[in-house]
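Here is a short report on one protein model.

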Amino acid sequence: MKPYGGAGAQVLRLPLPGAPGECRDDCPAKSEFAELAALVRAADLDRGLDIFAPPTRPRALAWYRWMVGHQAAFLEWQLLRETLADADPVPAEAAVRLLDLYSVLLLYSGSCPPEIYEQSIRPRMTEWHPAFSGEWARDYRGLPYLLKQAADESPSDVRPAMRRNLRVHTAVAARLVPQGGSLLQDAGRRAGDDPSTEESDLYDDFFLTQRAPVCAHATRLQLLYRLIKIIADLAGSGLYYLDRPVSASAPDDDRQDIADLERTTSRLLKQQVRNLVAVPESTAAQRPAPPASAPLAPISGGIMTLPKDVEVTDELRRYMVDHGSPPDDVAEELIARTNELGDIAEMQIPPEQGSLLTLLAQLVGARSVVEVGAFTGYSTLCLARGLRPDGHVLTCDLSREWTDIGREAWRRAGVEDRIEVRLGPASETLAGLPEEPSVDLAFIDADKPRYIGYWEQLVPRMRPGGIIAVDNVFYGGDVVDEEAVGNAAAIRAFNDHAQADPRMEQVMLPIADGLTLARKPLATTGDRR
């Protein structure tokens, strides 16, 4: 299952609770934070920063807010934990400010009309897991205990903020799900039960959260980006763009507290931005940073050393792309249509990878292609264009919403009749394929924990000389971290599994986020190793 991500949602990097690292002298986040902080200090926040443009369509904007708001909340929890755990006595003013900011982020995340939530957001969470729950969030665990301690020390300050937060949380939930009943409850689960590690991993994956040692510069940099996005969004669309305020339907006893937060939403966000850019460097530098082997940005956007010490910079990557086969008008329009969804478009393969898929299909003379994970159909289009005249692409995905975006491009390109979309778990679709080795080319780009399972289902079905292409085998560089968790750990396990498989021969290519090409030998005479 491919992560939905979300319009405007970039990959978020957070440490496992209680597992920080060390900040390096050459911490890349430090310079990035300094540059962005300088830009913010030089700007007029009241007029907005025009460096992020939110989606304009109502459903896309709802998803944008759901993802960006939740990720910002996770980061705020990190700061709140630091504030409550590291100080004695607890600085009540800072605790109240962060709690109110969390309340504001709840209002922002849940600001869409109930019908959009019911039609677009809730089904995606249900599809991810029938009992999907905010109780699976790793970063919130332990905070209620710390907040209780703070409230005992400063009851007149912290307790009202905790009460406001509870009122907002209750009112937002009642507005979005007026019939009542969370997914957890609907699935017959009890609230308050500890989630499993797998459930916490699923929650992280849904919100594009990677776990790795991260320093305070990196935490504040990620939070700063997201707060600026939210401020820009609110400046253009307001807090409630299609519906009444949450306070309007809140119980009488809660209405004033919620209305006060709604009125001060932008002010609280801007004040937090100003607080972040005013943090002394010496304070931030004391926090842990990612190890040298785990860059903050995906490999495709940074610098990496290849044999002969060639540095693949952004400039060199652009040169490489410019000297490959460019997308035609149909592909360009599909790319543009996908980009309108926001930062979720980062799930789309880049043009150079699309050209490679077309070339691979042509090189193997593909009649039978299987794709696991279609997203909006750009990779499907590229595969179909490389088919022989009698060829066929079977693509597996869970989302009709995303695959429907690609259908018009497939029709205009004249390949729609060569593409079959199977909606549902890919493992079930693959299990139903003929067992004889007849697949010429396969492309895996879906839920990372199931990569090994997909591989095991596909390898026996590949004909001799057939190729399996597997995407995201670098996973943003996190695969080199021996203590990686979640998706990064799943990719590490897959890479080791594939490398040790005597049935295939493969090479890992530094294209985009890493691409493995594995070929079934024409003649197998036992273990080739």
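Strands β8 and β9 form a hairpin with 5 residues between them, and Ala-512 in the turn has a positive phi of about 55°. The two strands run antiparallel and are joined by 5 bridges. Met-508 has Thr-516 in β9 as its bridge partner. Strands pair if DSSP finds at least two bridges between them. Helices (H or I, at least four residues) and strands (E, at least two) are DSSP runs, numbered from the N terminus.

This is a predicted model: local features need pLDDT of at least 70, side-chain atom pairs count only at pLDDT 80 or more, and totals for chains, interfaces and linings use all residues. Residues are numbered from 1 along each chain as its sequence is written, and side-chain values use heavy atoms, without hydrogens and water.

| Element | Residues |
|---|---|
| Strand β8 | residues 505–509 |
| Strand β9 | residues 515–519 |
| Helix α16 | residues 378–385 |
| Helix α19 | residues 451–458 |

Helix α16 is largely enclosed by the rest of the structure, because 7 of its 8 residues are buried (under 20% relative accessible area, 1.4 Å probe, protein chains only). Among them are Tyr-378, Leu-381 and Cys-382.

Gln-457 lies in helix α19. Gln-457 is buried, at 17% relative accessible area. Its side chain reaches the backbone oxygen of Ser-427 at 2.9 Å. Leaving out residues up to four places away in sequence, Gln-457 touches Ser-427, Leu-430 and Ala-431 (contact means heavy atoms within 4.5 Å).

The protein has 20 helices and 9 strands. Of its 529 residues, 54% count as buried.

Methods:
Buried < 20%, exposed > 50% of the residue type's maximum accessible area, 1.4 Å probe, protein only. Polar contact = N/O pair within 3.5 Å; in protein donor to acceptor, adjacent residues only side chain to side chain.
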